[in-house]
Amino acid sequence: MFTKKDFGQRLRQLRKDHNEYQDTLANLLDVSTAQISEMENGKKTTTLEKLVLICEHYHVSSDYLLGLSDKK
């Protein structure tokens with residue numbers, strides 16, 4: 001089941017696993033670091049287009065990032 005909180009936790013963990021700062025991900029997505037923080041804190045999500053970029057960047061499925069699967 002999808003929740004913003006789970007999405008944010010998985011996004012944060014992926015970013016940290018890749019030793020990246022929020023500004024690196026913000027630059028990739030063309031958003032502010034504040035928006036990355038809001039996503040990671042479960043306050044906001046993102047667009048489908050940016051979701052695809054995140055999945056491609058971290059080599060994970062959207063199902064994993066959305067909490068629909070535990071398989072990356």
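**Close-ups of a predicted model**

**View 1. Aromatic rings: zero pairs turn up here.** The rule takes rings of Phe, Tyr and Trp (its six-membered ring) with centres within 6.5 Å. This is a predicted model, where local features need pLDDT of at least 70, side-chain atom pairs count only at pLDDT 80 or more, and totals for chains, interfaces and linings use all residues. Numbering starts from 1 along each chain as its sequence is written, and side-chain values use heavy atoms, with hydrogens and water left out.

**View 2. Arg 10 sits over the face of Tyr 64.** The distance to the ring centre is 4.3 Å (the cut-offs: CZ of Arg within 6 Å of the centre and within 35 degrees of the ring normal).

**View 3. Helix α2 (residues 22–29) packs on helix α3 (residues 33–40).** Their axes, lines fitted to C-alpha atoms over the stretch in contact, are 8 Å apart at an angle of about 105°. So α2 is roughly perpendicular to α3 (65 to 115 degrees).

**View 4. Glu 40 and Arg 12 join in a salt bridge.** N to O comes to 3.6 Å (cut-off: side-chain nitrogen of Lys or Arg within 4 Å of a carboxyl oxygen of Asp or Glu). Glu 40 is in α3 and Arg 12 in helix α1 (residues 4–17), so the bridge ties together parts 28 residues apart in sequence.

Definitions and conventions:
Rings of Phe, Tyr and Trp (its six-membered ring) pair if their centres lie within 6.5 Å; planes under 30 degrees apart count as stacked, over 60 as edge-to-face and the rest as tilted. Axes are lines fitted to C-alpha atoms, for helices over the stretch in contact, and angles run from 0 to 180 degrees between N-to-C directions. Helices (H or I, at least four residues) and strands (E, at least two) are DSSP runs, numbered from the N terminus. Angles under 35 degrees count as roughly parallel, over 145 as roughly antiparallel, 65 to 115 as roughly perpendicular and the rest as oblique.
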